[in-house]
Amino acid sequence: MNPRRPRMLGWGFELSIAMRLTIIATLATVVAVLTAAWMSFRSSEDLLLRSEVESMENSMERQIERATAAIDLVQQDALFISQSDAVQGIIRARRAGGYDEQANLTEADWRARLASVFAVLIESKGYEQVRLIGLEDGGKEIVRVDASDIGGGKVIIRQQSELQRKGRRDYMKEAAQLSLGQVYVSDITLNRERGVIEQPWRPMQRFSTPIFASDAGQVQQLDKVSTIFVNAVELAGSIRYHDEVLTMSALSAAQSQDPQWERRYRDHVPLLEKALARALKVTGRDGQDAIEKVAESNQALIEMEERSFELNHQGRHAESVDLLRSKSYTTQKAVYKSGLNTFLDIIESERSVEVFGIIVINANAQILMSDLHDSSGDNLVITNNTGGILHHPDSDREWGFELGSGISYAEEYPHSWQAIQSGRRQVVWDTDDQQVHVVGQIALEDRSDGRFLGLALIVREGEVLADIAGLRTKTLFVSVGAILGACFLCAFGVRKLTKPIAVLTNQARRISAGEQDVTIARIGHGEVGHLATAFSNLVEQLQSRTEEATRSAREVRELAESLDRKVVERTEALTENEARTNAILSAAADAIITINTDGIVQNDSGSV
């Protein structure tokens, strides 16, 4: 009977255990390597995206800080000009019929001096235009100095015949409503001359602050009063400025978790407290009461801001931001603002001042936007507070809101626009367009008016992942190489591992085929070695018992043969004896007497 053969495949040949183990190990290796390669590649993509987003967030923080600092500097310049001697000299000269007896200078002399101040600012700061505009005569310009179109820091001092009326412009109306020390910061728009947009386009941002004049009857007392008044104006501006710095720094720290904002905050706390202490010395009892209310509100705000820092340190960033946007914080800000406005009103009433005119600085916003663009790359979008696009990687998308064409950022990316409006720096994933938006906001002037510049850094996932496009091919080649190497090692290892089993299988087949002189090799280690040893012992025992059975069979056969011979010999002897007996009987028949059981002699007939 043939031993049972291994199951055959449909191709007509069988697979050895080594081949089967190799196939299984190879498949497992392929799955493992491909899974590891895919996970590695996906991890690389995620890591690269996270790294890019983190870089964009850091860039956004720098842009907000840079733009805020730039806006603060222009505001300070506007306040500086409004408090200059030349401005007050022009006011005195106009009130006195064109001549300032205090300084022995005409209004024209003061205008020339003020024009020189404007020229220095334009040359040193790169402003496009600086003006003193009076509220009288339809808001006509009094002094105007422009930057020259040829550049190089050159300036043009406009003659009286070139001055225009600007009373209807929004920046004039807004600035006229401000208190001492306040500066109106306009939205960025394309510059217009006599109502027509200039060509080429010049994006402009205007900074306006009011100038206050004494009543005519008090001109002779200007020396002493103006000193007190100017000090009060400086202090009011300083108090307002430091308060805004504290608010912005606390909010920026909560939104970005950047420690530099907290450091900036702590640098300005003592400056604000010092300004409040000085303000108590330049006013009367009513003004002091107003400043004390401001100080009390400031202390409450500082306590909430310190709590915000504490929450930020604990990783509770959302709570930190929410605290600074809470009703209690907003209420204290309103109290602070009301107290400061009361102080300014009292100072104004003590000096009996009225708005004389407006200082307006036209800053070329293209410089700010180009600076932001250069430090952010080609993926920066800048918007106004209605979603109109001021700057875009595609220049055709810019200024559509001024020209009455195009689509706004708010319409194109509503989710990102909502994030910008929230005032928080956020990361928005646009799954439809496969884009990442890191957005932020730069508040303009007083935060309560809700005007801002929106910033958005946009990058397509494909552009980020393009840097590792070759990694996919490399990963594929490495995976194939790893699979081939693993297959070779698997085949070698399986062959070495199953070689003893193959030897045992061959020996078992020889034994099942009837070979008697097969010696079982004791090979292998571990379980295979134990199996070989057990199988060898089994075969040895089987061979021993087979030999014993063979001997017994031979002995039985020999015994049977001996018995057969003896039976034949005995049969032959019996036959021979029977023949001899019959012969004897036949020869001696007459002499034979038959006696029955009763002792009677019988003859052949049965009777005597």
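This is a predicted model: local features need pLDDT of at least 70, side-chain atom pairs count only at pLDDT 80 or more; totals for chains, interfaces and linings use all residues.

Biologist: Fine! Why is N104 called exposed?

Modeller: Exposed means over 50% relative accessible area. N104 has 53% relative accessibility, so N104 counts as exposed. N104 lies in the loop between β1 (99-100) and β2 (105-106).

Biologist: And what makes the phi of N104 worth a remark?

Modeller: Most residues other than glycine have a negative phi. N104 is not a glycine, yet its phi is positive, about 55 degrees.

Biologist: Is W399 buried or exposed, and how do you know?

Modeller: The cut-off for buried is under 20% relative accessible area. W399 has 2%, so W399 is buried. W399 also has a positive phi, about 65 degrees, although it is not a glycine. You will find W399 in the loop between β13 (389-391) and α11 (400-403).

Biologist: What is the peptide bond from Q199 to P200 called, cis or trans?

Modeller: That bond is cis, with omega near -5 degrees. Most peptide bonds are trans. P200 sits in the loop between β9 (196-197) and β10 (203-214).

Biologist: How do you know that the length of helix α6 agrees with what it should be?

Modeller: The expected span is 1.5 Å times one less than the number of residues. Helix α6 (residues 259-279) has 21 residues, so it should span 30 Å; its end C-alpha atoms are 31 Å apart, which agrees.

Biologist: Which residues of α6 are buried?

Modeller: Among them are W261, Y265, V269, L272 and L276. The buried residues also include E262, R264 and H268.

Biologist: Let's turn to the sheet. In what order do its five strands come?

Modeller: The order is β13-β12-β16-β15-β14, in an open sheet with antiparallel pairing.

Biologist: What makes β13 and β14 edge strands?

Modeller: Each of the two, β13 and β14 (426-430), pairs on one side only. From one strand to the next, the twist averages 30 degrees.

Biologist: How do you know that β12 and β13 pair?

Modeller: Pairing needs at least two bridges between the strands. Strand β12 (residues 380-383) and β13 have two bridges, in the antiparallel sense. I389 in β13 is the bridge partner of T383.

Biologist: Which strands does helix α13 lie across?

Modeller: Helix α13 (residues 414-422) lies across β12, β14, β15 (435-443) and β16 (452-460). Relative to β15, helix α13 runs at about 30 degrees.

Note on methods. Residues are numbered from 1 along each chain as its sequence is written. Side-chain values use heavy atoms; hydrogens and water are left out. Helices (H or I, at least four residues) and strands (E, at least two) are DSSP runs, numbered from the N terminus. Buried means under 20% relative accessible area, exposed over 50%, partly exposed in between (1.4 Å probe, protein chains only). Axes are lines fitted to C-alpha atoms, for helices over the stretch in contact, and angles run from 0 to 180 degrees between N-to-C directions. Contact means heavy atoms within 4.5 Å.
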